Amino acid sequence: MSDLQKSPVMEIRNLKLDFHSDGKVLRAVDGVSFAIYPGETLCLVGESGSGKSVTALAIAQLTPARHAGGEILIEGRNVVKMSKPELRAVRGRIISYVFQEPSASLNPVFRAGSQIREALKLHRPEAASDAEVVRLLKLVGIPAPELRMRDYPHQLSGGMQQRVMIAMALASQPKLLIADEPTTALDVTIQAQIIELLADLKQRLNMSILLITHNLGIVGDIADRVAVMYAGQIIELAPADQILARPLHPYTQALINSVPALGQEAGRLTAIPGVVPNLGAFPSGCRFHPRCLKARRDCPERLPELAEVEPGRFVRCFYWNAPLPNAEEALNPNHPALKQAREPARS
């Protein structure tokens with residue numbers, strides 16, 4: 001039986017989350033659905049402001065956003081309806097988080113080992129010992145763990161701090177590890193080491209991972225499936241190898257085209273025109289249409305659903321397999337990519 005035929009570790013069904021500000025209701029997540037299966041890594045990808053982190057925090061009810069609809073199922077139980085004691089049993093024990101900016105997440109006045117031991121006391125009190133702290137530090141690749149456990153966070157590099165955060169998350173032996181931008185503020189070499197570490201730990205510990213990132217460059221090294229998020233909605237969901245080799249949604253195509261390619265002459269980077277719309281100011285119809293090179297004149301009038309267009313591939317777009325529109329059809333005739341496509345080829 002394949003992993004995708006097993007019961008999911010976590011499943012989100014039609015999730016809707018609202019923020020309330022100055023008497024206004026601002027929908028941050030609108031109808032998001034996806035599942036994560038045993039031993040799987042799912043990457044949730046999108047620009048800043050697309051709703052990725054809010055969705056991830058809602059899984060363990062850690063967000064101030066108000067639940068406006070949908071279900072979050074952990075091993076078949078709805079997290080939204082859990083009591084506080086039930087939530088405490090889920091947090092850490094079943095789901096653990098690794099947050100971005102480890103220097104802000106670690107307590108600066110406690111030694112690294114003390115902070116890991118605190119996580120052990122909460123979830124595995126029988127194992128709250130120096131020996132277990134050392135084992136966890138070794139597990140995440142920290143050299144001389146007997147010495148590093150006595151260091152304060154400021155005595156550790158950014159990469160070492162992130163490894164301590166991962167050790168704390170693993171202390172409770174979770175079934176699902178949620179890593180929210182775990183490579184932010186780290187240099188490229190350390191980013192690669194952290195991603196390699198997470199992939200190795202997933203195999204060794206047989207756990208699932210939800211990785212939140214805006215960097216498609218790291219997806220191919222770790223993901224089994226990829227969910228692309230834009231303006232509070234999932235707009236494409238597919239196996240990682242397929243989505244990287246042949247993205248279907250115009251937004252996913254634009255994201256991949258904006259990633260610099262190694263081995264090519266340096267030139268002007270491809271950028272997506274415009275910005276992610278603000279909460280409360282989402283466009284009508286398809287939310288990507290103001291920035292989309294394939295948008296037709298009816299895109300602001302029709303709301304596309306996330307539909308399975310090929311086996312295992314889901315896309316929220318009416319024109320995902322259509323050619324580029326002509327000047328009469330195009331909603332955005334001055335889109336830079338369309339203008340470039342109309343230019344005659346240079347010999």
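Two cavities of 30 Å³ or more are present in the structure. A cavity here is a set of points, on a 1 Å grid over the protein atoms alone, where a 1.4 Å probe fits but cannot get out. The model is predicted: local features need pLDDT of at least 70, side-chain atom pairs count only at pLDDT 80 or more, and totals for chains, interfaces and linings use all residues. Residues are numbered from 1 along each chain as its sequence is written, and side-chain values use heavy atoms, with hydrogens and water left out.

**Cavities**
- The largest cavity has a volume of about 80 Å³, a volume being the space filled by probe spheres set on the grid points, which are joined across faces, edges and corners.
- Its lining (residues with an atom within 4 Å of a point) includes His249, Pro250, Cys286, His289, Cys292, Lys294, Cys299 and Cys317.
- By class, that lining has nine nonpolar, two polar and one charged residues. Ala, Val, Leu, Ile, Met, Phe, Trp, Tyr, Cys and Pro count as nonpolar, Asp, Glu, Lys and Arg as charged, and the others, Gly among them, as polar.
- The second largest cavity holds about 60 Å³.
- Among the residues lining the second largest cavity are Tyr230, His249, Cys286, Arg287, Pro304 and Arg316.
- Six nonpolar, two polar and two charged residues make up the lining of the second largest cavity.

**Confidence**
- Mean pLDDT (the predictor's confidence in each residue, from 0 to 100) is 90 for the chain, and 95% of residues reach 70 or more.
- Helices (H or I, at least four residues) and strands (E, at least two) are DSSP runs, numbered from the N terminus.

**Nonpolar cores**
- The largest nonpolar core has 65 residues, of which Ile166 and Val226 touch the most other members. A core joins buried Ala, Val, Leu, Ile, Met, Phe, Trp, Tyr and Cys residues through side-chain atoms within 4.5 Å.
- Helix H7 (residues 158-170) gives the most to this core, six residues.
- Another core, of 35 residues, lies apart from it and includes Val32, Leu42, Ile94 and Leu176.

- Pro250, Tyr251, Thr252, Ala254 and Leu255 are buried in helix H10 (residues 250-257); buried means under 20% relative accessible area, exposed over 50%, partly exposed in between (1.4 Å probe, protein chains only).
- Val259 lies in the loop between H10 and strand S11 (307-310).
- Val259 is partly exposed, because its relative accessible area is 31%.
- Val259 and Leu269 are ten residues apart in sequence and 7.9 Å apart in space, C-alpha to C-alpha.

Terms used:
1 Å grid on protein atoms, 1.4 Å probe; cavity = no way out; pocket = protein on both sides within 12 Å on 5 of 7 lines; lining within 4 Å.
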